[in-house]
Structure formats: C-alpha cells, structure tokens
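Biologist: Before we discuss this model, could you put it on the screen, and then take me through the terms one at a time, setting each value against its cut-off?

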Amino acid sequence: MEIPNLDEIQNGALHPRPLPYVAAYIFLRIDEPREGREFLRRLLPALASASHPTDPGKQAWVTAGLTFHGLKAMGLPQDSLASFPQAFREGMAARAEQLGDVGESGPENWESPLGSPDVHVALSVISPEMERLEVLLQCARAAYKDLTGVQPIWRQDAYMLPGEREPFGFHDGISHPAIEGAGIPNTNPQEAPFKVGEFILGYRNEMNEFPQLPQPEVLGRNGTYIVISKLHTRVAAFRKYLRSRSSSPAEEELMAAKVVGRWRSGAPLALATEKDDPELGADPKRNNNFLYETDDPRGLKCPLGSHIRRMGPRDAAITGQARLHRMIRRSTAYGPMLPEGVLEDDGADRGIIFVAAMANLERQFEFVKTEWINKGTFFGAPGEKDPLTGPNVGSDQFTIPKRPIRRKLTDIPPFVINRGGEYLFIPSLPSLRWLSELDT
Amino acid sequence: METEAPRNTNEKIDYKNMSKVTGTTDLRDATNKLRESLSEKTDRANKDYKFPDTYNPKMGLKVGNVTELRLFFRVKPGHAEALKQELRKFKESEERNSKAAHLMTGIQDMTCTLFDNDTRYLHTTEFDTEWDPYIDDSVPTDKQRLIYANWLQHLVEAGDFGPDNIPTANDIKVLFNQQRETATVFIRTFSDTVFEQYRMHDLKKAFEEVLNDPNAEEALHHPALKPLLDLAAD
C-alpha cells in the first residue's frame, strides 16, 4: 500500500470542510510573472499541509491553486506546460459544450471573470468561524497587497446554512471516499479505501497505473486537480415543481427525497425508505453506511436515477466501474436560504460552490458530468438526466420505481445553472516553492 | 515506498475458476483478488504518457446509444492458431458470459475474425456508451489488461505487448485508436442498451406468463390494458 506524503500535500486537497464553516474564494490575475512568483513565496507560510488530519488545529486553512493560464502567467516553461493533461490545458470554459454547459449555463452567460484567461490563481480559505477566516484572509492579502502585478479579481463568500444544508434544504457533505494511508475516516465502512493515485499525483491509482504527472516531478508530485464551479440553485422553482406534482406535504417530501436519494435530514432512502429519520440523518456512523445492489437493485427504495445514486452508484449494476469515477467533494453553500414555504423566487443569488478534487479531470469530473449527470445510459435510462442537477430543459423526465406501478415525473425544468468554473492545479507545497523560485 | 516490480509473468488467467463466480459483487471480488495477485506485473508508468497527435477520441459511428468499433491488425507469422486459441478462451471467460458482465461492459456483440489466409485479424464490437470515456472502464485492472495482452501478443501492431509486457490502459487506447477504421455506414435495427434489452426480455417473459393464465382475457379487457390486449392475439 502506498502512503501519501501528507507533509507535502496541501490540506485543502484532502481535508473535509470544518463544521460549521465559513469560506471565501478569491481569484487573482497575475500581470507580472516575477510578482506572481513573489506572491507564491510570501503565501507559502500561510498554507497548511495535510499532515495530522485529525488534529483539531487543522480546521482552518488556505488552499492555493493555479489555472493553466496562471501557470503560464507565472512563467512556467513550455515543456512543463505541455506536460499537463489536455483537459486542464483547455479549461472548463473551452470544454463547456461537451460538458453540457450550454444555454443559460454556457460560458457566454458566466459571471465575469469566471472561465476567462484572466483567472490565474485561486485561493480557498475556510474556517469554522469568522475570526479565524479573517486572520487567514489577512495573511493571504498580505502576500499580494503591495504587488501591483497581482490583482484580486473575484471573491465569493460561502457559509454553512442552518442544519448543514445546501440551498434546496438537504443535509449535504455526507459521503466522502477514504484514501489509503491518508488518515481520514471513511464515511462508508462498506466502501474500501481508494488508492492514493485516484486523488494525488505521483501514486498508483485504482487501475494500478500512475496518473499523468506534470513535469518536472517536483512540480507534479503530490499535487491534485480541483474543479470549482459556482452553481446557482433555483430553489423556488424546485419547490413549485414538487408542489405541482404532489397532493400532500408528505408526498411532496417523499418526492423531494426520491429526486435527491436522501431525506432532507440526510437520512438515505436506502436505509429510511418510508419516512425521514433525522436521528439517522445526523449520525455520521450510519448515514452513509449502505450499498445498493443486494437490497435495492431496482431502485424501489432509492431510484436508479436519483441524484446521489448517480453521483455515487456504489455497488449498483451499471455500465462501467463506479470506483474509477469517484471524486473528493468539498462543496460549500453561498447566498441566503430561501425562507421555508416560499414558492416565489426572491431574486437572491444562492447556490453551491462545487469543489471536487481528483487526479484525472477527464475520468473523474468530466465523466461524472457527461455520463452520470447528463445521461442515464449507464443504468438503462438513456433519455433521463439527473433530476436535480442535470441540464434539464423542461421536457425531461425522471422515473421513480414504485410498487405496484412506477411513477414518472415529467417536464422537469433546470434547477441548477452553472455560473462559471475553473480547472485548478493544486500544487504540493514543495511544488509551490519550486514555482516561486522559477527564474524565467 | 515504491520498489521496482519484478516482471514475472507466465501466469495465465484461470478462466475456469473465474467462471465459478456469480453476480457483480462476486465478480468484483474475484477480479480484485486477481488484481492483487497480479499487481506487480505491470509497472508501466503513465506518469509522462504522451498521446500521439493523431489520437482522435471520436471513434465509431452511432445508432442511438450503440457505437461501432472495427479494428484491423496483421497476425504475426506462425501465430494464427495461438491467436484463435486465445480468442476462444476470451469468449469463454466469465467476463463475456454473465449478466453482470454484460451490464458492466455494455457490449452488444463482438466478432473476432482471421482472414486473408489467417494473416490478418478483424476485431469488431458494438457497445452502449461512447468509446473514449469508457475505455478505462473496460480495462480497469491488470487482470483485464492481461486478458487483452494474451491475444494482442499475436498481432504485429501490438509490438512487444503480451503477458510479460502488459499494456497500460493508455497503451490499449492508443493502439486501438491507431488500428480503427470507422465504418462508412452503420445500420442497426434496434439501438436499445443492454440494460433495456434485459428489461424487455423480462417484460416479454412476464407478458407470456400473463397470457398463459386462463383469466388473462377477462383481465386484459380493462380499458387501461388495451395496448396489451392489442398485442395478445399472437
């Protein structure tokens, strides 16, 4: 078994978000390579390693990542730039069409400067409380404040909504893969820990192969990729849709649970089939301890096409290998919660900052997005998309297996809109030092 | 920490043993065990893998969800019989013959044809899904890649690949990409996925059982069942 070098990996690549959490995402543009590298040099002391993952002191941290344009802006030599995988070199905006991010979710409608060549460095700052967040933000600011060639160009704040819920009202952040030797407990005891190379570069992956490693080795080893995107959620539309298809509040809640695969408390349908079980939902030892194939192969408890079963089919019979497409998801919520019971959109921007770490953008994020969210071929429903986060256009449907007769939800509109995103390379700490010492 | 893996590997896949397993979980367990036992056989790094400029992820024509793939190879002189033998073993393996495997691979059909006096080999397959995103899923383990290596070793274009030099998933991806010929026309009567075909098969079987019941006629006269009644005459 390979053991990841936690001393060199950035904490943000592996560590679950603290509870509760407040976060800020800051994107910067580098106008002058030398100043960009100086910024990295100054920033290094503020970055935490992934060592001692259970240390209570490791609950607040800054993560630094670079886009491909950012690596160019730092003056990375052409040979090194060319050693990155094509998906990263092209970036999320260039691949939006194949990812299904078109129309309202298309790059032409993204929030500026997301998806533009101006986004070079991304800082993610997260903490259990505002005080420590402010301290970390000050450290980050201090690293660039007198550097005119380093300009902050975007900031997004995020914070935990009441009950650790995402804007649709569901307890989230429940399911995380364990990694061999990383020391972070598994949320599903029935899921074997993953090879390090699924998430960290320089190690063997689940295929017993090495992910493509950016060169030189000091640059790539112990790094990872993070996908970040701002997903606007249409909560009022979701509530109205459920209301229009239900004859009672109880039916509405069941339908919502069928769409998601969990009740709002986080209790999985696989374990709480008939009604919500808040105690189960709040119990981290039980709320993710389940598989599908033995108890629920046909999706009578948790629909085959529900959101969580698509995002992680576990042992369910699917075309392909579920273990090759796992990501470490570290998303956070932004914007105010739409007050309970409100069915009309209040115009507020609310949603999720989707954050996922992986070693292979194509095989993990892009595969999940194109094959599992945007289609249903892999479980036998080619025409269906993820009913919650898929690119539904108002004419889509979702099958809810049910005795004696299955139910179909029809005319599903889009509930999630991509406001923009980036593919980031998260270098190891030695890699950042190497970058900061480049002389080009 | 990593050590240089020994390159021993005359060990062949035990197809007979593999065929005893049933169901997805068993198959996965069995392949994982084999993966462990073979884990040192492949130490080819993808760390600095370079895809050739000619690599084109868009392979094959589609009808509905089904994609066609045609690969042309030359057979190494004197290897024709050995190749045929490996292909027959390939056919017999559990991975081509269980429902779990059918669903997992999404393969609709596959033909393996030697031609031109056994000097050339045509490998054709039709499968659900897209080729490029799913190729890793089709050769996820050393054991799977060894199965491919066992017949690839007899083909000129596969070079030195074989049981002692197992190709990586990227090697297989590039090799197949180089050897493919996209069809001029691809015609299929149906384009339902393997999942859908299993479901239709179950549905047909259930409907036949209903029709065999003496009370079926009366039951099927309910207006809601008219579409079924319309199909019940033959």
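Modeller: In chain A, residues 24 or more positions apart account for 70% of the contacts with a separation of 6 or more, where two residues are in contact if their C-beta atoms, placed from the backbone, lie within 7 Å. This is a predicted model, in which local features need pLDDT of at least 70 and side-chain atom pairs count only at pLDDT 80 or more, while totals for chains, interfaces and linings use all residues. Residues are numbered from 1 along each chain as its sequence is written, and chains are lettered from A, with ligands numbered from 1, in the order in which they are written.

Biologist: How many of the residues of chain A count as buried, and why is B:Glu92 called partly exposed?

Modeller: Of the 440 residues of chain A, 56% count as buried; the term requires 20 or more other C-beta atoms within 10 Å of the residue's own, whereas 12 or fewer make a residue exposed and counts in between make it partly exposed, with C-beta atoms placed from the backbone. B:Glu92, which lies in helix α3 of chain B, has 14 C-beta neighbours inside 10 Å and therefore counts as partly exposed.

Biologist: Which class do A:Glu164 and B:Asp116 fall into, and what is the phi of each?

Modeller: A:Glu164 has 19 other C-beta atoms within 10 Å and is therefore partly exposed, whereas B:Asp116, with 10 such neighbours, counts as exposed. Phi is positive in both although neither is a glycine, near 55° for A:Glu164 and about 50° for B:Asp116. A:Glu164 lies in the loop between β4 and α8 of chain A, and B:Asp116 in the loop between β3 (107-115) and β4 (120-128) of chain B.

Biologist: Which peptide bonds in chain A are cis?

Modeller: Among them are the bond from A:Leu19 to A:Pro20, with omega near -10°, and the bond that joins A:Gln215 and A:Pro216, with omega about 0°. A:Pro20 is found in the loop between α1 (11-14) and β1 (22-30) of chain A, while A:Pro216 is in the loop between β4 (150-159) and α8 (217-220) of chain A.

Biologist: Why is α3(B) called roughly antiparallel to α7(B)?

Modeller: The axes of helix α3 (residues 80-92) and helix α7 (residues 142-152) of chain B come within 8 Å and cross at roughly 155°, which makes α3(B) roughly antiparallel to α7(B). Angles over 145 degrees take that name, those under 35 count as roughly parallel, 65 to 115 as roughly perpendicular and the rest as oblique; axes are lines fitted to C-alpha atoms, for helices over the stretch in contact, and angles run from 0 to 180 degrees between N-to-C directions. The contact is made by B:Leu83, B:Glu86, B:Leu87 and B:Phe90 of α3(B) with B:Ile147, B:Asn150 and B:Trp151 of α7(B).

Biologist: Where do the two chains touch, and which element gives the largest share on the side of chain B?

Modeller: The contact takes 30 residues from chain B and 24 residues from chain A, and the largest share of the side of chain B, four residues, comes from α6(B). In α6(B), B:Trp131, B:Tyr134, B:Asp136, B:Asp137 and B:Ser138 are buried. The buried residues of this helix pack against α13 (362-373) of chain A together with β2 (66-74), α5 and α8 (169-179) of chain B.
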